[in-house]
Amino acid sequence: MKIGVFSILPDAVADPAQVAKHAEDLGFASYWVPDHIILPLRYSTPYPGNPGKGPDPDYLWQMPDPLIALMRAATATTTLEVGTGVLLVPERHPLHLAKEIASLDAYSGGRFHFGIGAGWNKEESEILGGDFEHRWSQVKEAIAVMKRCWTEDAAEHHGRYYDFPPVRCYPKPARRPHPPIYLGGIMFGEQWARRVFKRIVEWGDGWLPVIREVQQLIDGREQLRALCAEAGRDPATVHITVFGAWDQWRTRREVDELAAAGAQQVTVWLLGRSGDELRSDLDRLAKELLSA
């Protein structure tokens, strides 16, 4: 079982280079950061992490660019894996994004994990060129474009959202054929949406769920296995990283329960905002989760 950490606001007072280096020194396996390019002053869609609980948190509009933050973290470390949790794919052109990710993966020696989402904020998505009502169709096509850029000498694409003649896009990622692609997921209601797992089985490499109960992981894992069987895919090729929550999965007993339920990695959300606060939380977590 690998244990990683997630920093909700890797900014100047919580320098990702310093926090990631401390995490690596303590024995954590990975370091993850979130993504919002902008946040409109007024928007109509509720934030899933704050349903009906007053004003949305200010970190939503203070996030630095995740790939730059991860490059800083990767440069300060040697073995720590780095990942996005999650990057909002419809808000960037896939040719530009393919080059950024390949550069980060190449410079880090193949340590990047590509956690993706389609976004929840309609206004934000549309300002940045997303087709919000069909955003997962757009994500699927964008991922196809990026895979071509990462694996082909001259990539060409003619689709609904992106259309271009043969182009060269370099460098190529260090990890072959490309960095693993994880689809995020939050359960709404009593059941997982089946379409999430169908996407993972069809064109993803892993599942990155935010869960509150171990049974949610078990239910999702069983759906993944069933869909893999239908598609003729080995379920062992779908990696499961539980993507924590603010106040959960912070004890060894909880992490062991997730491992028994099928998780290969657990990413724990760090508490605090400043570098000192995050380092203190890392020390506490290491003592609880990593000590033999």
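Me: Which residues of helix 6 (residues 194-203) are buried?
Reply: Helices (H or I, at least four residues) and strands (E, at least two) are DSSP runs, numbered from the N terminus. Buried means under 20% relative accessible area, exposed over 50%, and partly exposed in between, with a 1.4 Å probe and protein chains only. In helix 6 the buried residues are Val-196, Phe-197, Arg-199, Ile-200, Val-201 and Trp-203.

Me: What kind of model is this?
Reply: Numbering runs from 1 along each chain as its sequence is written, and side-chain values use heavy atoms, with hydrogens and water left out. Local features need pLDDT of at least 70, side-chain atom pairs count only at pLDDT 80 or more, and totals for chains, interfaces and linings use all residues, since the model is predicted.

Me: Which elements do the buried residues of helix 6 pack against?
Reply: Contact means heavy atoms within 4.5 Å. The buried residues of helix 6 pack against strand 5 (112-117), helix 5 (135-151), strand 8, strand 9 (206-210) and helix 7 (214-231).

Me: Is helix 3 (residues 94-108) parallel or oblique to helix 5?
Reply: Two packed helices are described by the angle between their axes and the distance between the axes. Axes are lines fitted to C-alpha atoms, for helices over the stretch in contact, and angles run from 0 to 180 degrees between N-to-C directions. The axes of helix 3 and helix 5 come within 9 Å and cross at roughly 50 degrees. Angles under 35 degrees count as roughly parallel, over 145 as roughly antiparallel, 65 to 115 as roughly perpendicular and the rest as oblique, so helix 3 to helix 5 is oblique.

Me: How many nonpolar residues are in the contact of helix 3 with helix 5?
Reply: Helix 3 brings Pro-94, Leu-95, Leu-97, Ala-98, Ile-101 and Ala-102, and helix 5 brings Ala-142, Val-145, Met-146, Cys-149 and Trp-150. Ala, Val, Leu, Ile, Met, Phe, Trp, Tyr, Cys and Pro count as nonpolar, Asp, Glu, Lys and Arg as charged, and the others, Gly among them, as polar. The contact has no polar and no charged residues; its nonpolar count is 11.

Me: Which residues of helix 3 meet helix 2 (residues 66-75)?
Reply: The two axes come within 10 Å and cross at roughly 10 degrees. That angle makes helix 2 roughly parallel to helix 3. From helix 2 come Leu-67, Leu-70, Met-71 and Ala-74; from helix 3 come Leu-97, Glu-100, Ile-101, Ser-103, Leu-104, Tyr-107 and Ser-108.

Me: Is the crossing of helix 1 (residues 16-26) and helix 9 (residues 275-290) left-handed or right-handed?
Reply: The axes of helix 1 and helix 9 come within 10 Å and cross at roughly 20 degrees. This makes helix 1 roughly parallel to helix 9. A crossing is left-handed if the near helix is turned anticlockwise from the far one by less than a right angle, and right-handed if clockwise. Helix 1 and helix 9 cross in the sense called right-handed.

Me: How many charged residues are in the contact of helix 1 with helix 9?
Reply: Gln-18, Val-19, His-22, Ala-23 and Leu-26 of helix 1 meet Leu-278, Arg-279, Leu-282, Asp-283, Ala-286 and Leu-290 of helix 9. By class, 7 are nonpolar and 2 polar, while the charged number 2.

Me: In strand 7 (residues 163-167), what is the bridge partner of His-158?
Reply: Two strands pair if DSSP finds at least two bridges between them. Strand 6 (residues 155-158) and strand 7 run antiparallel, joined by 3 bridges. They form a hairpin with 4 residues between them. His-158 lies on the uncovered face of strand 6 with Glu-156, and its bridge partner is Asp-163.

Me: In strand 2 (residues 30-33), what is the bridge partner of Phe-6?
Reply: Strand 1 (residues 2-6) and strand 2 pair in the parallel sense over 3 bridges. Both faces of strand 2 are covered, with Ser-30 and Trp-32 on one side and Tyr-31 and Val-33 on the other. The partner of Phe-6 is Trp-32.

Me: Which residue does a cis peptide bond join to Tyr-170?
Reply: Omega of this bond is about 5 degrees. The residue lies in the loop between strand 7 and strand 8 (181-186). Tyr-170 is joined to Pro-171.

Me: Is Trp-249 buried or exposed?
Reply: Trp-249 lies in the loop between strand 10 (239-242) and helix 8 (252-260). Its phi is near 60 degrees, positive in a residue other than glycine. At a relative accessible area of 3%, Trp-249 is buried.
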